[in-house]
Structures are given as C-alpha cells and as structure tokens.
Amino acid sequence: MAKIKTKIGNDYCPQALFLYGTKQEDGQPHFGLFCWLGYYDSSEGLGVMACIGEEKQTKDLIRKNGVFSANLVSEQLLPLADYYGCTYGRTTPDKMKRLPTVEWGEVLDVPIISESPVSFELEVKKEIPMGDGSDIFLCLIRNVTQDEKLSDTKLPFAERFMKAAPVLTPGEDTYFSIDGRYLGKWGEPMKNLTNIPR
Ligand SMILES: Cc1cc2nc3c(=O)[nH]c(=O)nc-3n(C[C@H](O)[C@H](O)[C@H](O)COP(=O)(O)O)c2cc1C
C-alpha cells in the first residue's frame, strides 16, 4: 500500500454522533449535537471524554449542573439532531420549540431522548481547559439505558447493531450510516423537518 502525507485530520476515522442533553434553569430540556466523544477506563468505571469547542449554551449548562446526558443519534433522529447541531442556542432562544420525546434520567437529573437507542447519564469529574476556548470534560458514566430490542441476545450482535442504526460523521462534514450509506452534508437533513422555529 502506497501512503502519502495528508493534512492533519480524522477523515476515514468515523465518529458516532451524540445529542448532549442538559437541564435549563426553568427546568426545560436543552439539546446540542456533538461528535468529539471518546472513552476512558478508570477505577471508578467507564468514562467519557467530551471535547466542547467555543462557548455555547450546552457548555454553560454542563458547567452549571455538573451533569448531562449523551444520546446516540440514530438515522431516525438525524434531521432533528442536524437542526440541534446547526442552531446556536445562545442566540436562538426558541431553539427547543422542536423537541423529541423526553424522559428524565434514572440516576441523574438529566433529560434523556426516548427515541435514542442508547443514552448515557454523565457526571463531570474534571474539566480540562485547553486555553484556546476548547475544553475537555472527563465524565463518569453513571447509568446507561438502551432500547429493549438491543438487549435481545437471541439476535446476533450484528443484527442488533443494525437496529440501533447509529449515524457516523467520518469526514468532510458528511453523515453516513453504519452500512456505508451517504445521509447528507451537515445542514441538509434538517431541511426535512417541519415546524422548525425561525
Ligand atoms: C455533525 C456535528 C458535530 C458537532 N460536534 C461538535 C463537537 O464535538 N464539539 C463542539 O463543541 N461542537 C460540535 N458541534 C457544534 C454544536 O452542535 C453547535 O455549536 C450547537 O450550536 C450546540 O448547541 P448549543 O449552541 O445549543 O449549545 C457539532 C455540529 C455538528 C453539525
């Protein structure tokens, strides 16, 4: 295989998408779309590393509450997720006019998306400021809930994985399914939503 030098980036290294759920001061849920999520292991259990760039409402609320949820984005959720990712909460007060079905965490006081196949309830353990506006939140996974269909171990894992239908963002601002179908560019799936607040 001939390899050539390329720009620094993570194209072809697919990342799954998550909607981070936080509780606003008035008790209402808030959601933003995120891909910079990885995992770490610790003596306390499995943790999540979440990198949040410039200042935004999601970061304000994570700092204030110290807890949030991460809800895996499925193909069904993509139009709404794309809208949450392309709409800046701080300057769009009615961003949350469009909501999924919301339930509240079993362990932490965080909004959970019923339509999401897998949801993590996360407790922030440490915030690492990178000094350029970007911050990394190290969080312990305090609870996981998943679609009951994914617990049917009579079905092979590959089949359950396809049922979860996570959406990937492998590079060049695109969305793909796990079986390689192109699902659009960032900002496109939201056009299929009706009743988007303007
Ligand atoms: C596909 C996609 C992935 C994103 N991933 C991240 C991310 O990992 N970190 C981040 O800081 N912003 C990310 N964003 C941008 C946020 O979703 C965006 O800033 C949004 O406004 C956050 O919601 P909020 O303003 O209501 O907090 C992503 C956007 C898209 C479309």
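Which residues are buried in α2? In this helix, Leu-78, Pro-79, Leu-80, Ala-81, Asp-82, Tyr-83, Tyr-84 and Gly-85 are buried, a residue being buried if 20 or more other C-beta atoms, placed from the backbone, lie within 10 Å of its own, exposed if 12 or fewer, and partly exposed in between. The structure is a predicted model, in which local features need pLDDT of at least 70 and side-chain atom pairs count only at pLDDT 80 or more, while totals for chains, interfaces and linings use all residues. Residues are numbered from 1 along each chain as its sequence is written.

Helix α2 comprises residues 78-85; helices (H or I, at least four residues) and strands (E, at least two) are DSSP runs, numbered from the N terminus. The helix is mostly covered, with eight of its eight residues buried. The cover over these buried residues includes β1, β2, β10 (167-168), β11 (174-177) and β12 (182-185), where contact requires C-beta atoms, placed from the backbone, within 7 Å. Helix α2 lies across β1 and β2 and runs at about 90 degrees to β2. Such angles run from 0 to 180 degrees between N-to-C directions, the axes being lines fitted to C-alpha atoms, for helices over the stretch in contact. Helix α1 lies across β1 (18-23), β2, β4, β5, β8 and β9 (135-146), at about 55 degrees to β1.

Seven strands form an open, antiparallel sheet in the order β2-β1-β5-β8-β9-β4-β3; two strands pair if DSSP finds at least two bridges between them. The edge strands are β2 and β3 (37-42), each of which pairs on one side only. On average, neighbouring strands of this sheet are turned by 35 degrees against each other, direction ignored. Within the sheet, β5 (residues 67-72) and β8 (residues 118-129) pair in the antiparallel sense over five bridges, and Ala-70 stands opposite Phe-120 in β8. Strand β8 also contains Pro-129. Pro-129 is exposed because 9 other C-beta atoms lie within 10 Å. Pro-129 and Val-73 are 56 residues apart in sequence and 27 Å apart in space, C-alpha to C-alpha.

Of the 21 residues around the ligand, Gly-32, Trp-36, Thr-58, Gly-85 and Gly-89 come nearest; a residue is near a molecule if its C-beta atom, placed from the backbone, lies within 6 Å of it. Two or more residues of this shell come from each of β2 (29-34), β4 (45-52) and α1 (57-65). Strand β2 gives the most, with three residues. The shell divides into ten nonpolar, eight polar and three charged residues. Here Ala, Val, Leu, Ile, Met, Phe, Trp, Tyr, Cys and Pro count as nonpolar, Asp, Glu, Lys and Arg as charged, and the others, Gly among them, as polar.

Notes:
Contact = placed C-beta atoms within 7 Å.
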